[in-house]
Amino acid sequence: MTGAASTAAAGVVVIGWQGLAVATLFVVFVGALSIWLSLGVTRDLAIATVRTYLQLFVLGYVLRFVFGVNSPWLVVGIILAMVLFAAQIIVRRSPDAPRGIFGSAFVAMALTGFIVTFSVTGVIVKVQPWYLPQYVIPLAGMVIGNSMTGIALALERVYSDLDARAGEVLALTALGATPWEAAHGSVRDALRAGLIPTINSMAAAGLVFIPGMMAGQILAGADPVTATGYQIVVMLMVSAATALGSVVALLLTYRRRFTPDGVFLERGFRRERG
């Protein structure tokens with residue numbers, strides 16, 4: 001990377017170290033505001049900034065290597081690693097969930113990541129070969145990253161809603177309702193909550209903001225109309241991935257708040273099951 005911004009052969013403006021240093025001033029400004037207003041996020045902001053530099057530079061060099069190797073096993077392995085980390089993040093973002101949901105989160109993320117990603121690359125983009133990393137890995141990252149957020153929101157909402165409805169759920173099960181019948185309202189509301197951010201992004205795209213993939217392609221010199229087609233596909237696949245992942249995750253996990261006999265486990269009397 002050169003010291004100043006320069007234009008690459010493909011027409012992409014390369015951001016050098018000086019440009020990155022100037023961009024970091026934005027975070028320095030936020031840190032100064034945090035200190036002035038006693039927000040208490042200065043340390044977290046500094047750590048997040050360092051992690052951003054390290055993780056993205058490591059990612060860049062890893063992808064450069066992967067693109068050069070062009071191996072299907074390596075591509076699949078990277079997607080599985082992304083799914084693994086996403087499942088861990090989902091568990092951390094669901095504090096009200098019972099223990100032992102990691103496996104369910106991993107299954108939901110894996111199904112979402114592989115089904116939606118390879119449906120898009122194989123049927124719509126028609127990538128040849130099917131594992132071409134320049135297409136598969138970025139699209140998989142968008143699918144997994146966005147569905148991860150939706151799944152985490154859905155899981156957090158279903159368990160917090162079940163706690164809020166504890167009396168109602170207990171009454172329903174006492175009257176003979178099955179766990180599904182008792183939890184159905186919470187599951188429905190959780191699915192809605194998981195989809196709202198995606199729906200809002202779709203509604204605002206093109207009016208309030210230029211979506212990330214479209215903006216990136218335009219900056220790389222692509223025709224804006226061509227970039228529009230890709231962005232539409234990405235937003236539609238993200239909505240499908242979020243819905244699919246949330247449904248699978250909720251169906252696999254909501255039952256963990258009930259005993260094998262169908263008795264609801266209230267907060268404070270919850271028997272954690274690994």
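How many salt bridges does a search of the whole structure find? The search turns up four, a salt bridge being a side-chain nitrogen of Lys or Arg within 4 Å of a carboxyl oxygen of Asp or Glu. The idea behind them is simple: side chains of opposite charge can pair when their charged atoms come close.

A quick word on the model. It is predicted, so local features need pLDDT of at least 70 and side-chain atom pairs count only at pLDDT 80 or more, while totals for chains, interfaces and linings use all residues. Residues are numbered from 1 along each chain as its sequence is written, and side-chain values use heavy atoms, with hydrogens and water left out.

One of the salt bridges links Glu168 to Arg165, with 3.1 Å between the closest N and O atoms. Arg165 counts as buried because its relative accessibility is 15%, whereas Glu168, at 44%, counts as partly exposed.

Asp189 has two partners. Its side chain meets that of Arg188 in a salt bridge of 3.6 Å, N to O, and it also forms a salt bridge with Arg192, where the closest N and O atoms are 3.0 Å apart. Asp189 and Arg192 both sit in helix 7 (residues 179-204), three residues apart, or about one turn of the helix. Shared partners in these salt bridges join Arg188, Asp189 and Arg192 into one network. Helices here are DSSP runs (H or I, at least four residues), numbered from the N terminus. As for cover, Asp189 is partly exposed at 22% relative accessible area, Arg188 is partly exposed at 43%, and Arg192 is partly exposed at 45%.

Next come the rings. The structure holds eight aromatic pairs, where rings of Phe, Tyr and Trp (its six-membered ring) pair if their centres lie within 6.5 Å. One aromatic cluster is formed by Phe114, Phe118, Trp130 and Tyr131.

Finally, there is the surface. Trp36, Leu37, Leu39 and Val41 make a nonpolar surface patch of about 450 Å². Such a patch is made of residues with over 30% relative accessible area and no salt bridge, with nonpolar side chains (Val, Leu, Ile, Met, Phe, Trp, Tyr) joined within 5 Å; accessible areas come from the Shrake-Rupley method with a 1.4 Å probe. Trp36 is found in helix 1 (residues 17-37), and it is exposed, with a relative accessible area of 67%.

Note on methods. Buried < 20%, exposed > 50% of the residue type's maximum accessible area, 1.4 Å probe, protein only. Helix = DSSP H or I, 4+ residues; strand = E, 2+ residues; numbered from the N terminus. Phe/Tyr/Trp six-rings, centres within 6.5 Å; stacked < 30°, edge-to-face > 60°. Patch = residues over 30% accessible without salt bridge, like charges linked within 9 Å, V, L, I, M, F, W, Y side chains within 5 Å.
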